[in-house]
Every structure is written in structure tokens, then in C-alpha cells.
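Here's a quick briefing to read alongside the structure.

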Amino acid sequence: MKVETMRWVDGRLEMVDQRILPAVFEYIAYDSAAGVAEGIRSMVVRGAPAIGVAAAYGVALEAMRLQDVSEVDFYSGISAGFTVLQQSRPTAVNLFWALRRMHAVWDGIQTKAKDQVARSLLQEAHEIFAEDIRINRAMGAFGAGLLPDGARVLTHCNAGALATAGWGTALGVFRSAIEAGKKISVIADETRPFLQGARLTAWEMVQEGIPVTLITDNMAGYMMASGEIDAVVVGTDRVAANGDVANKIGTYMVAVLAHRHNIPFYVACPLSTIDPGIADGSAIPIEERSADEVTGYRDCQWAAHGVSVRNPSFDVTPAELVTGLITEKGVIYQPDRQKIEAIFR
Ligand code: MRU
């Protein structure tokens with residue numbers, strides 16, 4: 001993938017503005033925790049691993065920004081930075097995972113000089129970034145082995161390079177399969193209402209010449225019934241201890257359809273996306289986004305003015321519908337509590 005979703009340039013974090021892709025390709029530069037938090041909240045950057053990496057950089061940027069303030073203001077400023085980042089989005093657990101990692105570094109160096117604190121936090125953010133790409137490559141290799149040559153694979157939302165530091169989770173599986181010499185074609189659900197499938201997944205695949213066919217979300221059942229889909233691979237925002245999977249709204253519908261048609265349903269899931277503290281999917285916080293994402297786009301409103309709207313941004317697929325979780329340590333077939341515990345040992 002040639003496109004860098006985020007990059008470190010001259011002491012600032014630059015992130016591709018994913019809200020305006022594919023029409024415009026543009027980076028926005030950030031130099032504070034509050035700025036990065038706003039970038040996450042407003043969907044400049046999105047996708048669970050990418051949100052985590054961005055938040056890690058947000059902490060480092062805050063430490064760099066506060067070099068000239070008093071020690072007291074430095075420490076309280078960094079704490080405030082953690083808080084604002086924690087509040088940016090609720091569902092993707094990678095955000096909290098990355099912030100915990102940054103906090104562990106911060107806990108170990110609080111008594112050091114400010115410039116050293118900033119350097120150590122930045123080093124950890126760079127490490128989280130690099131590690132994410134290594135993990136995606138490892139998942140890709142395991143996932144590639146699951147797809148037969150010639151497979152036509154459906155994906156939902158965007159779990160690609162744009163949703164990570166690079167390579168992608170679900171789209172990383174496709175890239176790895178193609179790199180291994182397999183012919184893979186992708187069917188991308190458009191992914192209402194934010195259109196991550198149409199705008200981002202389709203764009204990533206077209207950029208690289210990977211065969212991709214775009215469908216609207218309500219066509220998946222027809223495609224499966226017609227025998228045009230061999231497998232489903234999606235990403236995830238949080239997996240509960242029992243294997244229930246939260247992912248972009250509409251994923252549950254796809255999983256039910258895949259089950260009905262005996263099509264394997266795989267979830268590309270870095271271990272950082274598993275939340276052992278949540279017993280099952282019913283406790284995963286589901287973000288509710290604004291009504292105008294559903295009623296129209298920019299200046300165009302297509303729904304009746306005054307209509308009441310629901311916009312839950314994620315849903316939960318029960319573990320029983322998951323053929324396998326593709327992790328960087330291997331595939332967990334028919335995931336359950338015991339198998340998930342075992343992978344962490
Ligand atoms: O609301 P988004 O665009 O952040 O939702 C993204 C998804 O649901 C992805 O499928 C998930 O984060 C996995 S990304 C590797």
C-alpha cells in the first residue's frame with residue numbers, strides 16, 4: 001500500500017482526511033492531544049487500530065507541546081491529554097489499549113526531565129505504529145491460507161490500510177493472499193450510512209488494481225444466494241471474552257446471511273482488539289452517531305424533515321456465527337472463552 005494513512009513529519013502527526021476520500025486526498029497536521037482527539041471524533045481517522053495509533057501519537061504530541069510550561073502544568077496537561085483522547089470514541093477498544101500502553105510508559109518516567117518524557121512517549125508511539133504493521137502482516141499470512149485460489153470475498157466497512165498503520169486487517173488478508181499468488185476478488189459492501197466500503201475499501205482496492213465490485217448493503221443476501229460469494233472477511237472494533245464481535249453496523253446481518261448460506265465468516269482480529277474485561281457482546285458500548293449521517297449527505301437531505309432517526313454505528317455478531325478469528329498468533333476456529341484465554345497464554 002503506497003498511501004500512508006498517517007505519518008510523522010517535522011514533529012507533527014499528519015493524517016489523511018478520510019471524510020473527503022476518495023474525492024480529495026489531503027493530509028491534516030496535528031500538534032496536540034486535543035487536536036488528535038477531535039480528528040478521531042470527527043472521523044478524519046477511523047478504524048480501530050488506526051484510532052489506537054493516532055491516540056498514542058496524541059499523547060506524545062502533548063508532551064512535546066508542553067515543553068515550556070512548569071512541571072506542574074506539564075504533568076496536569078499530559079493527564080488532561082489522556083482524558084480527552086479517552087473520550088474521543090467509545091467502541092473500538094484499541095483506543096483504550098494504546099492509551100494504557102502509553103500510560104504505562106508515562107508511569108515509569110514521570111520523574112524524568114520533560115524532554116526525556118516526550119522522547120520516550122514518542123518512541124512508544126512509533127513502536128505501536130510499527131508493531132501494528134507487523135501484526136497485520138502476520139494476520140494476513142494466516143488469513144491468506146484460509147482463502148482458496150479464485151475466492152470471491154465479501155467485506156463490510158473498511159478494515160484496510162486506512163483503518164490501521166498500514167496493510168490492513170481484513171484487506172491485509174486479501175493483500176497477503178494476492179502476494180502469495182492467489183487470485184482473489186473483493187465484493188465491498190457500501191456500508192451505510194458513512195460509506196466506508198464505497199469510499200475507502202473500493203478506493204484502496206482500485207488504487208492497487210485488486211479486482212473489486214461494489215454493492216449496496218442490501219444486495220449481500222442476493223449475492224450469497226446466487227453463489228457469488230465464497231467467504232466473508234471483516235475487521236472488528238472489540239471482541240468480548242466469549243468471542244462475540246462488535247464491528248461496523250450491518251456486520252451482524254452479513255454474518256446471519258453467511259450462516260444461512262454456509263459461507264465461512266472470518267474476523268481479522270489483532271489481539272489488541274480482544275477485550276478480556278467484557279464477558280460478552282451485550283456489554284460492549286455501541287456508539288450512537290448523529291442523525292444527519294442517515295438523513296442526507298452534506299447539503300442534501302433526502303429524508304423527511306422532522307423524522308426521528310436511529311444511528312447505532314456498530315452491532316454485535318454472536319460468537320456462534322464466527323467461523324474463525326484470524327489473529328497474529330493463528331486462527332481461533334469457533335471462538336469461545338477457553339480458546340480466547342488460551343491464545344493469551
Ligand atoms: O466507524 P469506523 O469507520 O471507525 O468503523 C470501523 C470498523 O468498523 C472497522 O471494521 C474496524 O474498526 C476494524 S478496522 C481494521
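Helices (H or I, at least four residues) and strands (E, at least two) are DSSP runs, numbered from the N terminus. With that in hand, methionine 43 sits in the loop between helix H1 (33–41) and helix H2 (48–65). Keep in mind that this is a predicted model, where local features need pLDDT of at least 70, side-chain atom pairs count only at pLDDT 80 or more, and totals for chains, interfaces and linings use all residues. Residues are numbered from 1 along each chain as its sequence is written, and side-chain values use heavy atoms, with hydrogens and water left out.

**Around methionine 43**
- Methionine 43 is buried, at a relative accessible area of 1%; buried means under 20%, exposed over 50%, and partly exposed in between (1.4 Å probe, protein chains only).
- Leaving aside residues up to four places away in sequence, methionine 43 touches Gln18, Arg19, Arg89, Phe194, Gln196 and Arg289 (contact means heavy atoms within 4.5 Å).
- Two of those partners also meet each other: arginine 289 lies over the face of phenylalanine 194, 5.7 Å from the ring centre.

**Charges over rings**
- For a charge to sit over a ring, NZ of Lys or CZ of Arg must be within 6 Å of the ring centre and within 35 degrees of the ring normal.
- Arginine 137 has its charged end over the ring of tryptophan 167, 3.5 Å from the centre.

**Aromatic pairs**
- There are seven aromatic pairs, counted when ring centres of Phe, Tyr and Trp (its six-membered ring) lie within 6.5 Å; planes under 30 degrees apart are stacked, over 60 edge-to-face and the rest tilted.
- Tryptophan 8 and tyrosine 57 are stacked, because their ring centres are 5.4 Å apart and their planes at 20°.
- Tryptophan 8 belongs to strand E1 (residues 6–9) and tyrosine 57 to helix H2, so this pair ties together parts 49 residues apart in sequence.
- Tryptophan 8 is partly exposed at 26% relative accessibility, while tyrosine 57 is buried at 3%.
- Trp8, Tyr57 and Phe129 make up one aromatic cluster.

**Helix H9**
- Thr251, Val254, Ala255 and Ala258 are buried in helix H9 (residues 251–260).
- They share one side of H9 because they cover an arc of only 100° around the axis, taken from the directions from the helix axis to the C-beta atoms.
- Just after H9, asparagine 262 has a positive phi of about 55°.

**Cysteines**
- The disulfide count is zero, where a disulfide is a pair of cysteine sulfur atoms within 2.5 Å.
- The sulfur of cysteine 269 is 15 Å from the closest cysteine sulfur, in cysteine 157, so it's too far for a bond.
- Cysteine 157 is buried at 7% relative accessible area, and cysteine 269 is buried at 0%.
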